[in-house]
Amino acid sequence: RLLPSYPPSSPHRFVMAPKLGDDDDHGLVSASPDVAAVATPQRCGSDISTPKRGGCETPVRSPETSPPSGEKRGSGYLGVWTARDDFEARKRRTKWCRTPHDSPDQRAPAPSPPRLYVDNKTIIREVMDVCELKRGDHCMIAINLVRSLSPMMDYLVSCMGSYELIYFYHHFIMVDDVASVDEQGIPRTKDGELAQLVEYANTIPEALMEIKLRSTDTWWRWPFVAASFLLEKSRCQVSALADYGDTKHLYKVIENVQPEDRERIVDEALRMVKNPKAYNFLFNNCEHLSNQISRGTLTSPNMHFGVWCICRALLCIIGFVSLHVFGGMCYERFCVSRPLSALIAYHILATAPVVLQAMISFATSVQSVWRQRAEELISRDDFLHLVWKEFGRMVVAGGGAVAVISWMPSMAWQTQQ
């Protein structure tokens, strides 16, 4: 929550203040030059004219938001100690740290196979070397609701996403080129500063600190403050890529981005930080922000996918309950006297929708992959890899579901016998 500060002589300088309520004008307060409790951020040579959350600019917090003198002061929100602070303090290294035998002249690792995103249209690819990341890139990681609680847990969730066991992702936009990785594995720009990104984000330690401050250390206010906090639990902010140093597997959206488009994306991202919209889990989450910045569309395929999964589960439950109720009502009159007709009706209502869904999903995927191939965004090998992968998914997942559904009448009949 920073805005570019005016010269010290200006009476309209803005500084960072704690967000203690909903009526504090997004946590920005006007300060005069003679206020000594809060200092303006100090620039350190970045070529991006925006306030930065970490490394390059570290605001001095006012006394009421500073942690107690006995606690370590970190780079996180309200002075929370983060993973990046561990890396900078040389307590441990990121998962992107190069091994001692690596050299700058070493050949870049082979690109990973592409994969289709949950919308069956967008193609993403795992980033094998963080130095590939450029300003304006739309990136994502496997979503981690307990990030920063345990480095091992962060790494485990990242590996689960790499094996496609997690289909939900956290999105962000890079605002710096990653030129190098230092000995601690921290991604840095060509000027040696921390490579940064724009995102909607929060961590559990930061959230607990904010709830504690909002409740003014009064225990009975915690439930009410926590309930209101959940409605705006994330902030649009500039973060360091090193904050995700325990998350080894990053992904980048494959798209044709021209240099002028990258500048527009970075400018739009920084504008969103200066004029943020309130976070909303359903209608304005991190994916909405990234798509609005990079593509100009306020949409979240991840949210659509989640809603569809919930609706499909509910439809399955309703279908099984209906089958049990109506099947029991007409069993003697219809199922026993006309077993073939009953079996055909069952497959039309239960099996056919699953077959159609699998076929439509496969056709949509092939059409999207073909379009990406026509635009030369992927190679021929990538095209064949994706087509055969989606075909295998249709056969294994769709075929398996059809087999189970088709087997249920026989299982029900054997159970009754």
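Trainee: How far does helix α2 reach from its first C-alpha to its last?

Mentor: We are looking at a predicted model, where local features need pLDDT of at least 70, side-chain atom pairs count only at pLDDT 80 or more, and totals for chains, interfaces and linings use all residues. Residues are numbered from 1 along each chain as its sequence is written, and side-chain values use heavy atoms, leaving out hydrogens and water. Helices (H or I, at least four residues) and strands (E, at least two) are DSSP runs numbered from the N terminus, and the expected span of a helix is 1.5 Å times one less than its number of residues. With 12 residues (151-162), α2 is expected to span 16 Å, and close to that value, its reach is 17 Å.

Trainee: Which residues of α2 are buried?

Mentor: Buried means under 20% relative accessible area, exposed means over 50%, and partly exposed lies in between (1.4 Å probe, protein chains only). The cover over the buried residues of α2 includes β3 (114-116), β4 (123-127), β5 (138-142) and β11 (250-253). The residues themselves are Asp154, Val157, Ser158, Cys159, Gly161 and Ser162.

Trainee: Which residue takes a positive phi just after α2?

Mentor: Look just past the end of the helix, where phi comes to about 60°. The residue with that angle is Glu164.

Trainee: What is the order of the strands in the open sheet?

Mentor: Two strands pair if DSSP finds at least two bridges between them. β3 and β10 (235-240) are the edge strands, each pairing on one side only. The sheet has 7 strands with antiparallel pairing, in the order β3-β4-β11-β5-β6-β9-β10.

Trainee: Which helix packs on the sheet?

Mentor: Axes here are lines fitted to C-alpha atoms, for helices over the stretch in contact, and angles run from 0 to 180 degrees between N-to-C directions. Contact means heavy atoms within 4.5 Å. The helix touches β5, β6 (169-174), β9 (196-201) and β10, and its direction makes about 35° with that of β6. It spans residues 286-294 and is α6.

Trainee: Why is β5 described as largely enclosed by the rest of the structure?

Mentor: Its partners come into view through the bridges: β5 pairs antiparallel with β6 over 5 bridges, and 2 bridges join β5 to β11, also antiparallel. Met140 has His171 in β6 as its bridge partner, while Cys139 stands opposite Lys252 in β11. β5 is called largely enclosed because its buried count is 5 of 5 residues.

Trainee: How many residues of β10 are buried?

Mentor: Follow the side chains: Arg235, Gln237 and Ser239 point one way, while Cys236, Val238 and Ala240 point the other way, and all are buried. On the β9 side, 6 antiparallel bridges join β9 to β10, with Val198 opposite Val238. β10 is mostly covered, and its buried count is 6 of 6.

Trainee: How many disulfides are there?

Mentor: A disulfide is a covalent bond between the sulfur atoms of two cysteines. Here, one is counted when a pair of cysteine sulfur atoms lies within 2.5 Å. Among the cysteines, Cys236 is buried at 9% relative accessibility and Cys286 is buried at 11%. By the distance rule, the number of disulfides is 0.

Trainee: Is Thr247 buried or exposed?

Mentor: Thr247 sits in the loop between β10 and β11. Not counting residues up to four places away in sequence, Thr247 touches Trp96, Ile141, Asp154 and Ser158. Its relative accessibility is 5%, so Thr247 counts as buried.

Trainee: What distance separates the C-alpha atoms of Lys121 and Val369?

Mentor: Lys121 lies in the loop between β3 and β4 and is partly exposed, at 49% relative accessible area. Leaving aside neighbours within four places in sequence, Lys121 contacts Leu116, Ser368, Arg371 and Gln372. Although 248 residues apart along the chain, Lys121 and Val369 have C-alpha atoms separated by 7.4 Å.
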